[in-house]
Structures are given as structure tokens and as C-alpha cells.
Amino acid sequence: MNLWQFVEPSMLVNLAIVVPVIGALLLIAAGNYPNLRESVTLATAALLFTIVLVITDNTFNAVAMETTWVALFPGLSLTFVVEPLGVLFALVASFLWIITTLYAIGYMRGHKEDNQTRFFFCFAIAISSVMAICFSGNLLTLFVFYELLTLSTYPLVTHAGTEAAKKGGRTYLGILLSTSIAFLLLAVMGTWAVTGTLDFQPGGIVADTENKSLLAVLLVLFCYGIGKAAIMPFHRWLPAAMVAPTPVSALLHAVAVVKAGVFSILKVAIYIFGIDRLKEIPTADVMLYIGAATVLISSSIAMTKDNLKARLAYSTVSQLSYIVVGALLATPIAAAGAALHIATHAVGKITLFFCAGAIMVAKHKKNVSEMAGLGRVMPITMTAFAIGAISIIGLPPMAGTWSKWFLTIGALEADKLIIVVTLMISSLLNIAYLLPIPIKAFFAKQAPSAEPWSWAEVQEAPLPSVIALTVTSAGCLALFFFPQPLVDLINLIPGINGAINGVG
Amino acid sequence: MSVIVDYYNYWIVVFLMMAGFYVVISANNLVKKVVGLNIFQTSVFMLYISMGKVSGGTAPIIIEGVTQYSNPLPHVLILTAIVVGVATTAVGLSLVIRIKHAYGTVEENEFQNEDDAI
Amino acid sequence: MLEQHLPALAILLPLIAAPIVFILGRSTVVWLLATFTGAWASIVAFQLLLTTLAEGAIHYSLGGWSAPWGIELTVDALNAFVLLAVTGVSTMVLVYSKESIAKEIDKAKHGFYYTAYLLAMAGLSGILITGDAFNLFVFLEISSLATYTLVSLASDRRCLTAAFRYLIMGTIGATFILIGVGLLYMKTGTLNMLDLAERIAAFDRSRTINTGLAFIVVGVSIKLALFPLHRWLPPAYTYAPSAVSSFLASTATKVAVYVLIRFIFTIFGPDYVFYDMGMDMVFMFLAIVAIFKCSYMAAVQNNVKTILAFSSVAQVGYMVLGISLVTTTGLMAGLIHIFNHALMKSALFMAVGAVFYRVGSVEVHAFKGMGKQMPFTMAAFTIAGLSIIGVPLTAGFVSKWYLVSAALQQNLWVIAVLILLGSLLAIVYIGRIVEAAYFHDVPEGRDASKLKEAPLLMLIPMWVMVLANLYFGIDTSLTTEAVGHASEWLFQSTELLEVAQ
Amino acid sequence: MTEVLIDLVLLGMLAMTALRVIFLKDLFAVVMLFSIFSFVSALIFINLDAVDVAFTEAAVGAGISTVLMLGTIALTGRTEKKNSHSSILHLVVVCVTGAALIYGTMDMPPFGNADNPIHQHVAPRYIEDSPKEVGLPNIVTSVLASYRGFDTLGETVVVFAAMIGVLSLLGTARPTNKRATPESGLAKHRVLHVVAKIIIPFIILFALYVQFHGDYGPGGGFQAGVIAAAALILYALVFGASFAHRIVSPRQLEVFAPLGVLLYASVGLVGMIKGANFLDYNVLASTAAAGQHYGIIIIELGVGLTVFAAMLGLFYAFSNQVERSNVQ
């Protein structure tokens, strides 16, 4: 903590955005020396995490942090304001960046990928954009960095350069860019035209707006404009993005990018519409049920996928809609649950992706059907997978329990029984498509090999990768037993106001 | 009747303009297009000169004892416009010659078929 | 001493440099002289803009004869702003020209190139600054004749037919303007723009004035390639030498848009044009059709220069759309897009020219693998392309923002949606080229080792334009201040006239 | 009434000529009809008191333009082929445009009425004050060279631009080879030789007269330049281009044309140096009147020089093309 005590609190926000960029430039300079390059990346990630920790500390101490860069238009600037929800997301993203970097080093080397410098560079730029999204003080800033995030992750998706990668990249860019320009920009500008401001304010900024049907349209535009939230039918980009190397899928398409989407929706719900006002908007319910439908449909699709990453991708689509549903239920507890789900789903899903990648590197297996009996060869990986899967399903003693619990309570509070039922069915579906994988890995009937299991059989992925997935699976457990810090943070969000004090 | 006396000049000029304009847009031969352009422009010059006329006036060169002169300003403008016209004609005709060298024809539909038109 | 003569200098610098360049012939000195002239003219334009922003309009009576008897140069925020864009971009294209025309134009004709270029610049500056309707016609013809020459300098024979078509359409347009100005003159007896405005506002609307308006609008619309009068533009931009395409795409049509604005707002007054004559609906309809039809046309072409040419017509649609909204914000959007579009299109055409320099073709397949072979060129193309699409932090985003705001201010949600959908089409046509550059290998039979990065003298101006795209996408103070002043003044002036009435 | 009658007859002739042009396929006839059109227009201009304009139209339209067109059809063939595509759309466009114009004439000030706005505003000052302010009896020259001198500078630049365009397209005339010379021109026609030798000096003299007398009567630098060019064109036609090149070579023309523009502009610059606005002649000499006089003489020279060089240059370029194709 002492590291940053001489820096002004507001300056920290700038640092959080700029440090990854500097790191990116440094690692380009170190491009020809892989060891140096990766040390730079790790160091940057660690540095960023410390910055975010200090910001978190300041948030608890109610130190106001904001900074303005440049006025893009008269009365509209690129502004960054720290608020608890953003801090939560920043914490998750920056912490997982360290782990992912560690993992990526093992993965990329193990996989002998080309263009590793470009890979790490784009990765750092993407993280910088995510930080900017976390701390954005108005919708314009959010929009600007939302687009930057799309563009900076595009080279990562198409990293392999194969025909499939190109096709995936086209879908990725096409959907994300189109929805954001056609819907999100329109929504942002519509808000600007209606209210005359774009600042995120506690309680929302549309309180004085009489025209409800206009707000209804705006809400739909926001929900679909934020294509990164992957609400059906604009979810196709996420499975398409799975052609990327696994670390990318892990951090960006389980954590940073997709969470940037649902984070934006949460932020719009809380700070633009305001939770109270949201209830009165007719389309909130419509979008709520579309979200619920997305939860169920994509879970069902996930079951049909044999490719592990594709299955995980559809699982992600489904879980993202939990958060959308939480935001649109428009009760404080549901919103808190949604916020918490950002963190809990992140650790769970990243663990699963890490495992998928580790299997790919170690055994070159992509499909679920080939993974029977893998527990003998990769016991650590498969154990981690089981932990992650249970967390995603939402069973104790894993982190996912809490967020699903609050979401369900929120749905009950809002008198939306259909949503409660949906959540229950979805959990069952989760069990159906996730749990069989570790179970078969450990207990499937193998070809008659009477040999008792021994360590000699073990063929794990490279050490850095194994460490990474161990850490995240430990995280799943830790967040179950010690969720209090995160809960405290969420309680600071205006509109939630300590709604979930009873936990722990 | 007075309408005719007042405007007959303009009407004929309009007719001339449109004749020239028609040749420009409908002619297939590029030389004829340029001729049409010239007729079009010359007729526009006549519009200007017509408006400068004052009945009973003389050419705008100061002579003792004359008080009624036609308006000199349209004349000045048209002097300039004539020069602009001949300049355009010269460049246009040079292009026609080069097109003849390049395509062997100056009929619009023939060279359009040779290259895929945009 | 020169301060008081700035308006005259803006025209005279290129005008006097042109004959000198022609006498000097075809050496490197000529290039230096032309570039120097361009740079000086840009500085003059910048000074003019600062002066007008600080002190208001400048009037300069040529020959010492006051208006309306003599010809007056009138500089206000509007034309100073456009002048800055035109001279600035022209200068950068001049820098770029040296290497580019070495490849594309016969060495013996380089002297003609620079002379015609400077004449075109002088003509465009003259159109922008003059305060006299007939003088505008004269400068219009100077710039037109010079551009016909420039287009015809390419070695592809198709440039000849393109130039001829351009000449016929351009001359018809100019003659229409001449007829229109004649009709106005007939009713008012004056040619000075401000005097015309006063007298038109004072007279009752008459059929003659209506016809004059119609002819001027149609004539200018030909010049600015407003759909459906745009047919001359794509071939001209496609077959002209790359440097010329870059120059024309970023200046000629922009100046024509300026002329449209000047006639509508300063001379006729928006009340008359839009409320009495209902032209706003016509413009809006044509602009929307232009955006979609020509963006679509751009998306299906195979020649990159044709793609960019159709894109230009579509972008002109955005400018006209801004004007047709008849609000200060709408006009600001149109004006800002004049400036920003000049920045992006010049950069794009420069990048295309650089590829032509190495590959010798501008078909989309010629771009395959260029991302690796010519990284700086293709990066420039990509960034400028993002600007066309309207991605945040580029100049194109600023234009789009104002345009959509203007539409929303008027509660025209449909228009706002259409604007945004239109920019999706830009993703398609830019995306195709970018994809070819980055995701394909150099085709078989093309020696990749020879496809090096473009020469520095092409890269530098290209990147200056790219950086300008980024700069004006982030720091919009200069552009918004200028267009804010300009559009407020344009609307105000008509109100003032009404009060006087 | 006679004026009106003459006007009507001439306009009728124009209308017939224009109609013939539409339907004729023989391009030679079309060009000659255009020449007639131009010439008749010049007569109408005289009838409408625009003597300077008439002079110019006759020299340019009936003269230079016709020569250039004839040169072109000599290269491109003299008949227009049958036009296959439908022209109904064109007819509609033309009718709509024409209808708009007729609609516009409905509110026009009556033809020839001295109370029309254009005779009341701006122009009166030219008529009443220009003899004092500029000091020339020919008001057109005063307005052209002084009040609207900037237009005329522009006009000179247009001519220069046209020359640039034509030369870049057709190439600068190369010295023709010796063997081609006898066939070219009209070398065998003795009568022409004699007549030309007698006429050419007078034409040049006339050109000089028009150049310097433009202040007092119709004429000026532009007309003078065209006439002087015509003298040399005649010489080239009769004796062959290579002889004409010996008098004024294409290379010299390429220097004269820009020099004329520079001469014009420099008058303006001197005014600027002397502290007045660009093209303000009042400061050129001790009194305003003398200043105007000097200024106008020099700029008219500039115009004359550029126009002469450009017109002759155009002719050289065109005739060079014709000769080259003859040689082939």
C-alpha cells in the first residue's frame, strides 16, 4: 500500500488506465527477448493490481476519485469517476489478468504460437480499455472505450490466422461493431437528447423524463446495443470468438469483454435509469424475459456441444443473462446479486477455460467425448474443473452459491416466480452439461488396465498453467467462505445501499 | 400583347438554350456534344446581353450628348464568360482527339462498350 | 504589412506560383516551390481563421473599389474554416505527389501537373473567399479546367473518357449556375453576395428568383455530386492519378458543398429556401438515398479507388443531410464533416496510391498480404477507414455525433437510425479491403520481396493526415469553435436581415 | 421598331440554325452551322448595344472555336453515327428545364425597360462616374479592367489553364520534319501567298490598334490577342506550321502565356507594395487618373500577351496533331 501513498488519489485512475498501455509499449520494445517480455507483462499486471487495490481502499474510505481527460464535445468530456461497482469489476479483471498472464506464458509456449508479442500487446491494450470502462464517468466515455475494447480484441480473436479464425473474427467484429454503432450509439445519443447529460449519477438521470415510451425504446437499445452482454439473438459472436487462443477465451471471453458488457448494462440500469425508475419502464419486463429465455436456451444449446470450448461459450452466454436478469429485476438485492455474479462467475468460468486450455496443450483434446478417463492423466486439472463447474452450478461450498442465492431472493422479492423457476431449471441444466465431464474423467470405465494409479501417469500442462488454474479454483472456494469484502463493496453502490448485509 | 413585347426575346433565348442543352445531353458524338455546349453557352450569353439592353440606349461608350446607355455590366460579365467558354471548348476538343487516338472512335456508346463502365 | 492582404494572398499565392512553375519546367525545384506555396497558403488560411474567430468577418475590396461596385473578398468563419481544410490537405498531397506522380505520370508532364494543381488550388481558394457571385463562377471554371487536366494526366486511357464526362457535366453545372446568377442579377441588379442577400430579402419572392434558386441548386449539385447527379464522379476519381484523386476527393466536392451552403444561407436565406420552397425535404430524401445507394455501390466494387469514390458520394450525402436538417447543429454537422471527410479521404487515397506505387494495381486483390508488406501504409488505411466508419476517437465520430444529435434534436429518430445504419455499410466496404490486407497472403506470382513499404515522402503526408484524423477526433475545440461560429452566424445573418425588413 | 425587327429576324435565324444542328449528322455542316450561329449572335449583340461582346464573339466563336472544331473533325471523322439509344429521357429533361425557365421569365423585368433593377442599382455609378474615376470613355473597359479587374485576372488565368490543359493532352508541338512541310499548308496556292503577305501586316496592325484603342472604342487586350493570333494562324495555314514556328516558336509561347498572367498580377502586387489593396491602380502614379491609365494599359498588355500565346499555342497543338496524322 505504501507504494502509491505519494500519488494523489485521482491520479490513480489515470495510472490504472495508462499503466497497461506503458506495459504494452515496453513489451513491444522487449519483443525479441521472450523472458524479458513476459516479465514485463507480469510486472505490469502486478503493478496494476496494486493500483486497483489502493483505489479499492480509497473507495472504502470514501475518498472521491475522478479525473477528466479532454472535452470531446462542448459539455461532454472523457471523464473517469470511481464508484464501487466499477471497482469491483476492476478488482476482478486486474487480479485475473495476473493469473491469466501466468497461464498464457505456459500455454503460448506450450502451444508454440506465432506473434506472441502482438498477442501480449493487444492483451494489455484490452485490459487498459477494460480499466477505462470500469472507471468511466459518463456514457460517452463508456462508449468510446467499449469500442476500443472491441477493436483491440479483434486481433486476438483472429490470432491463429486460419480460415476459421478469420470467419470467427468477422462474426465477432461484425456483431459487436454493428450493434454498438447502430443501437448503443443511438441509445447514448438519445439519452443525451432527452436528458442533456450523460453522467452516471446515483438514482439515474432520467427521473424527470415524462416520455415513458421513449425510455422504453432506449432501454431496448441499450440492452441490444451492448452486444457484449450477448443477449439472444445477438450472442453469436461469443461462440465465434472461441477460435482465439484459450487465454484469450479465458480472460476476455469469460471475464473482461463479456463482463464489460453486463457491467455496462448494470451501470446503465443503476446510474442512468435508476433501479426505482427501471421498474416503471414497460420494456424492462420484456427484456427481462428475453434474458431469462437466453438463460434457458443457451444452456440447452450448451448440452449439445461436444467441443468443450463451445460448450463453455454457451454456458457463458447463459450466465451473462443471469446478470442481465438481475439488473432488470430492478430490486436492490437482485442488482447486488448481479454484481456479485460478475465476480463469482469470473473465477468459476476462468477456471474452466484454463482447464480446457490445459487439456488442449497437454493432450491435444478439444472434445468432451474424448475426455473420459482423463482424470488419471491430469488429476489436478480435472479437480480444478470440478470445482469450477460446481461453482458455476451454484452449489456450496463454491462462490457461485452466493450470487445465485441473491438473484433468487431478488426474483422472489420482485414477485417474478417465472424467473425463480427459470433460475432453478437453469441450475439443473448446468449440472447436466458440466458435471458429467469431471465425473467421466475420474470414474469412466477405462480399457482394462488393472494398474493402480500412480504419479508416473500424470501428464499435466506446463507448470505456470497448472499454478494458474489451481489459484483460480482456490478462489472459487475462498469466495464462498470470505465473500464479505466484496459484499461490503457492493453495499456501497447507490441504490443497493446495504441490501445484503446479512451475508457471511 | 405587352407580355409578348416584354418577353419575346427571353423566350426565344430559352428555346435556343434548350436546343443547345438537348444536343449536349443527347448527342452520341463527342464533337457534337461540344458544339451543343457552345450553343448552350452562347444562348446564355444572349440572356445576359438581353437584360442589359435599354430601349433607345446606345453602346456604353461615352459620347458627348448621349445620356441613355445600355448597361455595361452584363457586357463585362459575358466577355469573361466567352473566354471561359472557348477555354472549355479547347480542352474538351483536345480530350476528344485523345479519345480518338486511344479508342479509335468518338461515339460515346462505342467506347463505353470497350471498357466496363462504372 | 501582409496582414491586411491576407484574403488576397490566399488566392494569389497559388495563382502567381502557377505560371512561375510552368516557366521553370519540370525539375525538383518546381515541387519545392509548389509545396512551399501550399504551406504558405495554409498558414495564411490559419491566420485568417484565427482573425475571423477573434474579430469577425474580413472584407477586402479589390482594386480599392468598394462593394457592390468592385469585387469584394469576404472571409468569415465559414470559408476560412473550409479554406484551412482545403489548403492544408492540398499541401500534404503536394508533398505526397513527388513520388506518386513519378510512378503514374509521364516525366515530361510533371510541369503540367504542378501548374494545373496550383491553378486548381487557386480556383478553389477563389471560390471560397470571393464575395461576388459572378467572380465565383470565374474561379469555379479555373478550378474545373485545371481538374479536367489533372484527371486526364493518368496513363490509363479510361481517364480520358472520365475527364470528358467530367468536363461535360461540370460545364453544364457551371452554365446552370451562370443562368441562376443571371436571373438573380436581373431581379436585383447586383452581384455582391451580401448585397444580393439584402435585396432578395427585401423583394417579394418572385418566380424569377425561384427559378434562379433552382438553377443554382441544380448546378451546384452537379458539382458536389449529389445523387443522382453524381455519375461523373466515380470514373473521374477512379482513373485519375492517385495524387489527383486524393486532392479532388478531399477538396473539390467540399468546396461545392460550401457553395451550396453559401447560396442557401447567405444569399437566399434558409427561411426562403427551406420553408417557402420546401427544399429541405428534397435534400433530405436525396441525401438518404445517396448514403444507402452509394454505400451499397461501394460495397460491391472491386477497384479500391472506385470504392472510395462511391464512398465519397455517400459522404457528401451526410453533409447535405446535415444541411437539410435546418438547425444550427445540423449545419455544424455538415460543416464539420466537410473538414473531417477531407482528412479521411485524403489519407485513404494516399494509402491506395502507395499500394499502387508498389503493386501497380488498385484492385482489392492487389491489397492481399499488404498488411505484412506495407505495414505503415495499411495501418494508415485502417485508421482512416475507421474514421470513415465513425469509430470513437477519430474525426469521423465527431461528424457522426453532431449529425445524429441534430437529427435527434428535431426528433427525427428515423433519420438518426438511418445515419447509423449507413455507417454500417462503411464497415463492409472498408472491412473488405482491410481483411484482404491482413488476412490474405500475397497472391502467387507476385514477388513479395519487391513489395516493400512505400517511400518516406509518401508515408509522411499520409501519416500527417492520419494523425490529424486522430487529433481532430479527440480535440475538437478548433473545429467546433469554427463551425459553431460559422453556423450561428449563418442563421443569425438571416434573422438580422429579417429584422431590418 | 427597326431594332425589334432586326432582333426578331436574327433570332429566327438562330432558332433555325440550332434546330438544324440537332438533326444534322454531317459534322462539318454542324460546325459550319455553329460558326454561323456564333456570327449571327454577334450581330444580335451589336443590335443590343454590346459591341465589345460582339467583337469577341465573332473572333472567338466564329473564329477560334470553329478552327479548333474543324481541326478536330479532320482527325475524328466528319459524320455522326446513328444514335441507337432512346432520347425520350433527354427530351423530358430538356423540357422540364425549359419549362422552369419559361416559368422564371414570367416575373422578369420587361425587356429593354430603363426602369429595370439592373439599370437602377450598381450600373448607374459605372455610367456616371467611371469617366471621372477611371478616365476612359469606354465604360466596358473601365468596368472590365478596373472595377472588376479581378474577374479579368481570373479570365486570363482561365485562358492560361486552357493552354495547360491542351498542351498536356496533345503534347507541345514538335518541330515538324522537313519532308512534311511542302504538303502541309496551302503552299501551292500562289494567290493565297500573295494575298496573305499583303493582309497579315494589316491584321497585326489592327491587333495593335485594338490593343491600345480599347480604352476609347470597342476592343482591348483580349480581342487584340485573338486577332494577333489569327494573323499568325493565317500565316501558318498558308505557309505551313514550320514557318510559323520560326517566327514564334511553341517554346516561346509557353513562356509568353505565363508571363502575361504574371504581368497582370504584378500590377496588383505593385499596388499592394504601395500600400493599397490588390489591383488598386490609383496609387501607381502621382494622380489617381494617371494611375488608372497606367494600370489598365499594363494589364491589357498582360491579357493580350496571354491570349495571343494561348490561342496560337492551341492552334499549334491542334495543327500538329493534324499534320502528324497526315504524315501517317
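At roughly what angle do the axes of helix 14 and helix 17 of chain C cross, and within what distance do they come? Before I answer, please keep in mind that this is a predicted model, in which local features need pLDDT of at least 70 and side-chain atom pairs count only at pLDDT 80 or more, while totals for chains, interfaces and linings use all residues. Residues are numbered from 1 along each chain as its sequence is written, and chains are lettered from A, with ligands numbered from 1, in the order in which they are written.

To the answer, then: the axes of helix 14 (residues 328-359) and helix 17 (residues 395-409) of chain C come within 8 Å and cross at roughly 160°. Helices here are DSSP runs of H or I with at least four residues, strands are runs of E with at least two, and both are numbered from the N terminus; axes are lines fitted to C-alpha atoms, for helices over the stretch in contact, and angles run from 0 to 180 degrees between N-to-C directions. That crossing makes helix 14 of chain C roughly antiparallel to helix 17 of chain C, a word used for angles over 145 degrees.

On the helix 14 side of chain C, the residues that meet helix 17 include Gly330(C), Ile336(C) and His337(C), and among those on the helix 17 side are Ser399(C), Tyr402(C) and Gln409(C). Two residues are in contact if their C-beta atoms, placed from the backbone, lie within 7 Å. The residues of this helix 14 and helix 17 contact in chain C divide into ten nonpolar, eight polar and no charged, where Ala, Val, Leu, Ile, Met, Phe, Trp, Tyr, Cys and Pro count as nonpolar, Asp, Glu, Lys and Arg as charged, and the others, Gly among them, as polar.

Turning to the chains, four pairs are in contact, and chains B and D share the most contacts. That contact takes 83 residues from chain D and 67 residues from chain B, and on the chain D side the largest share, 15 residues, comes from helix 3 (residues 51-76). The side of chain D that touches chain B divides into 52 nonpolar, 22 polar and nine charged residues.

Between chains C and D, the contact takes 48 residues from chain C and 45 residues from chain D, with helix 5 of chain C supplying the largest share of the chain C side, ten residues.

By contrast, no contact joins chain A and chain B, whose closest C-alpha atoms lie 28 Å apart, and none joins chain A and chain D, where the closest C-alpha atoms lie 39 Å apart.

Conventions
Parallel < 35°, antiparallel > 145°, perpendicular 65-115°, else oblique.
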